[in-house]
Amino acid sequence: MAEPSVKIGLYPGTFDPITNGHLDIITRATRLCDRLIVAVARNAGKGPLFSTDERVDLARSEVEPLRQRGFDIEVRAFDNLLMHFAQSCGVAMIIRGLRAVSDFEYEFQMAGMNAKIDPTIETVFLMASDRYQFVSSRLVKEVGALGGDISPFVSKRVGEWLENRFSRQKVVTE
């Protein structure tokens with residue numbers, strides 16, 4: 001548990017893979033808290049392309065430039081109820097990114113449920129920047145799997161991981 005004077009934020013997601021849109025929210029979230037935990041959900045129900053360990057490794061490498069600039073960011077996996085994880089980390093706020101009105105309805109319901117579970121933890125919504133409003137991990141995977149250019153949506157390293165994964169899948173299915 002952190003000192004009460006340290007405001008901890010939690011940015012949860014599946015991050016399968018982590019995109020430039022996620023990094024934009026992470027960068028902007030660092031302005032709202034003293035410490036940010038990027039929480040990678042194990043969520044096997046979503047059928048992730050990458051294992052939890054791979055997603056944690058990718059997220060750590062992607063936030064490393066921010067850490068080098070002095071931001072206190074930690075990447076951790078979790079597999080329990082988000083609010084229980086948030087409580088165990090002593091967070092003050094959960095940060096959620098919104099891309100479109102369609103995101104809002106689901107996120108609004110989740111924020112209400114989370115507030116009932118623990119009203120001391122605020123949910124903060126950050127609107128996606130204009131250049132990332134249409135970017136989602138699901139769409140990046142679809143474009144990449146079909147051989148499209150995903151370089152505007154993910155870092156070079158993430159793009160290489162995706163390309164490698166897709167080429168291995170093709171070998172397996174042929």
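Predicted model: local features only at pLDDT ≥ 70, side-chain atom pairs only at ≥ 80, totals over all residues.
1. Let's start inside. The largest nonpolar core has 32 residues, and Ile18, Ile26, Leu36, Ile95 and Leu162 have the most contacts inside it. At least two residues of this core come from each of helix H1 (20-29), strand S2 (35-41), helix H2 (52-68), strand S3 (72-78), strand S4 (93-98) and helix H6 (156-173). H2 gives the largest share, with 5 residues.

2. Leaving aside residues up to four places away in sequence, Ile26 touches Tyr11, Ile18, Leu36, Val38, Val63, Leu66 and Ile73.

3. As background, nonpolar side chains in soluble globular proteins tend to be buried together.

4. Next, helix H4, which covers residues 101-117. Its length checks out: 17 residues at 1.5 Å a residue should span 24 Å, and the C-alpha atoms at its ends are 25 Å apart, so the two values agree.

5. Which residues of H4 are buried? They are Asp103, Glu107, Ala111 and Asn114. The cover over the buried residues of H4 includes helix H3 (82-89), S4 and strand S5 (122-127).

6. Finally, the surface. Leu81, Met113 and Ile117 make up a nonpolar patch there, and together they have about 270 Å² of accessible area. Of these, Met113 lies in H4, the helix where Ala111 and Asn114 are among the buried residues.

Note on methods:
Residues numbered from 1 in each chain as written. Heavy atoms only, no water. Core = buried A, V, L, I, M, F, W, Y, C linked by side-chain atoms within 4.5 Å. Buried < 20%, exposed > 50% of the residue type's maximum accessible area, 1.4 Å probe, protein only. Helix = DSSP H or I, 4+ residues; strand = E, 2+ residues; numbered from the N terminus. Contact = heavy atoms within 4.5 Å. Patch = residues over 30% accessible without salt bridge, like charges linked within 9 Å, V, L, I, M, F, W, Y side chains within 5 Å. Areas by Shrake-Rupley, 256 points an atom, 1.4 Å probe, with all protein chains shown as cover. Salt bridge = Lys/Arg side-chain N within 4 Å of Asp/Glu carboxyl O. Expected span 1.5 Å × (residues − 1).
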